[in-house]
Amino acid sequence: MKLKYFTFLFLLLSFFFSCKKSETSKPTVKQELLVDLSKLNNEIVQFRKLVANNASQKEIVEQFKKSRLAYKKAEWAIEYFIPETARFMNGPALDEMELEENRSFEPHGFQVMEEMIYPEYNSESKEDLARELNIFQSNIKQLESTFEAITVSDDYVLDAIQQNVFRVIALGITGFDSPILQSSIPEASQSLISIPETLEKIDADNKSVSELRELTKNAQKYCTENNNFNTFNRAVFITEYLNPISKKLKTFQKEENIKNVKKSSPLKPTIETLFDKDAFDVNAFVLSKEYDFTKEKAVLGEKLFYDRSLSKNNDRSCATCHNPEKAFTDGLKTNVSLTGMNLPRNTPTLTYASLQNAQFWDMRQLDLEKQSVDVIQNKDEMHGSMENIHAKIQLDKEYVKLFKKAFPKTSKPEAWQIQNAIASYVRSLNSFDSRFDQYMRGNKNVLNNEEIEGMNLFMGKAKCATCHFTPLFNGTVPPSYSKTEHEVIGTPNEPSGKSLSPDKGRYIYNKMPQLVGAFKTPTVRNSAVTAPYMHNGVFKTLEEVVSFYNKGGGIGLGYEVENQTLPFDKLNLTVKEEKALVAFMKTLTDKKYQ
């Protein structure tokens, strides 16, 4: 009897310890990442062999696609935890610039390789491609070393996965990182694999994990069945597949009591989807905590915005050029200076201006506070004096009262508060209530078929969303939104397109050849009511704008624009497609301007 008892006890303990061993031996998120990086390295090794052995272009292209699919599997972690290295593995094939030090770095990675192997690949490209692959492999080693050293906690894992869903929406399915081969759809599918696989490492028994497994499986199936880049229905994919995945991730977070990551991000940690009405936090773009937006500051800022005494001759206010009825533009090609001469540039909208990291067409100021001072003190625009304005305000009882409400910690108005108040008013001008926004939040009846076709063109064949990123539709790069991009598009000087605009753009302030003719990428939101368009107001209609891009920008028109960042091949949009594209852009108009 005792023998049976001890035998049973031994078997029970053996089972218990084998279970414990099985649980502890289950790979962690970090270990799984290192496995994925090893697989990526293996693909690059094979890639290098093919190049060394003079493989055909077809073999090279196929291996390139396999390699980038392996990268996409781990992209959620690479981009989130080590963005500096990621930039040189799958970033744009454009020079990386450090304007403060007036220097630039040549690009590296998949997009550079893509240009080397397609549409042509020859022996001249072989040496450069081998060099790129060598650099890429070095970057993999850097990733491995970093991941081995850092802590990958559950809160950061979940945040990284959510960010990657947003990346797929805003960059993945638009062709942003596959501009030539247009292999974005299968790559987007690959990016989703890591969602359930990674969350299983946190809690495999959670019901939401199994639901996410099903959601991602369905999304991948949709990609497989609809893998043509130009015909892929992004409106359906986002609303019926990616948004539900995003919401379920938030459900999983709540069920697991995983805290939000504390960071300064324009995306609020509470959002369920990228299209939530209150998804963006304007305070992520302010100088410091004391500059944070408040309603009281905005009320004060609105009064200052319409106050003509801010100008030298008391005859101009901010609203003179930024008319609220025209979405805070003026409807003019360019406005007129105080001396009666035309100003050199078109007046941009102030709506959504707070959701970018640079102001003015030439991006010469980084924040709205400096932007307001620049205009007020500009001798051609308002020619005011901040010192005189400050002195006047301190003698105005109504202003003093409003300043006290807006800045209760100070005893009297301070000069910096004038700038901050005006900037705060501008920060209040983001509505996110257009018909597009309503559609993305579930109202399927608010857009017609032509407008949906236009959205798919905007995010696909027409390549608009590779510069005007969804859902801000400006050049602030998602999902970190830490950088606002410029573009060189070769804008003509007159509608006939006979000559190039002589305006040097960013080059005026940063003498780097890459910046000649570079201008900030503005938002397309409210574009239906902010004509005319471009930095010089050269185009009167959206139809003209679309036609310009369809022809391939300045190079397409025959100009010499060596540093053009806009793809210069014709888009080959049909008349019907151009019309649909314009129809979609009109859906981005805020309710108050409809």
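Predicted model: local features only at pLDDT ≥ 70, side-chain atom pairs only at ≥ 80, totals over all residues.
1. His383 is partly exposed, with a relative accessible area of 32%, where partly exposed lies between buried, under 20% relative accessible area, and exposed, over 50% (1.4 Å probe, protein chains only). The residue sits in the loop between α14 (368-377) and α15 (386-394), helices here being DSSP runs of H or I with at least four residues and strands runs of E with at least two, numbered from the N terminus.

2. Residues are numbered from 1 along each chain as its sequence is written, and side-chain values use heavy atoms, with hydrogens and water left out.

3. Asn526, in the loop between β4 (519-520) and α20, also has a positive phi, near 65°, and at 0% relative accessibility Asn526 counts as buried. Most residues other than glycine have a negative phi, and most peptide bonds are trans.

4. Two cis peptide bonds deserve a look: one joins Thr470 and Pro471, with omega about 5°, and another joins Pro478 and Pro479, with omega about -5°. Pro471 is in the loop between α19 (449-458) and β3 (486-487), and Pro479 lies in the loop between α19 and β3 as well.

5. How many disulfides does the structure hold? There are zero, a disulfide being a pair of cysteine sulfur atoms within 2.5 Å. The sulfur of Cys321 is 9.1 Å from the closest cysteine sulfur, in Cys318, and is therefore too far for a bond; Cys321 counts as buried at 13% relative accessibility. Cys467 is likewise in no disulfide, as the nearest cysteine sulfur, that of Cys464, is 8.8 Å away, and Cys467 is buried, with a relative accessible area of 13%.

6. Helix α20 (residues 542-550) packs against helix α22 (residues 575-586) at an angle of about 125°, with the axes 10 Å apart; axes are lines fitted to C-alpha atoms over the stretch in contact, and angles run from 0 to 180 degrees between N-to-C directions. The two helices are therefore oblique to each other, a class left after roughly parallel (under 35 degrees), roughly antiparallel (over 145) and roughly perpendicular (65 to 115). The contact, meaning heavy atoms within 4.5 Å, involves residues including Leu542 and Val546 of α20 and Leu581 and Met585 of α22.
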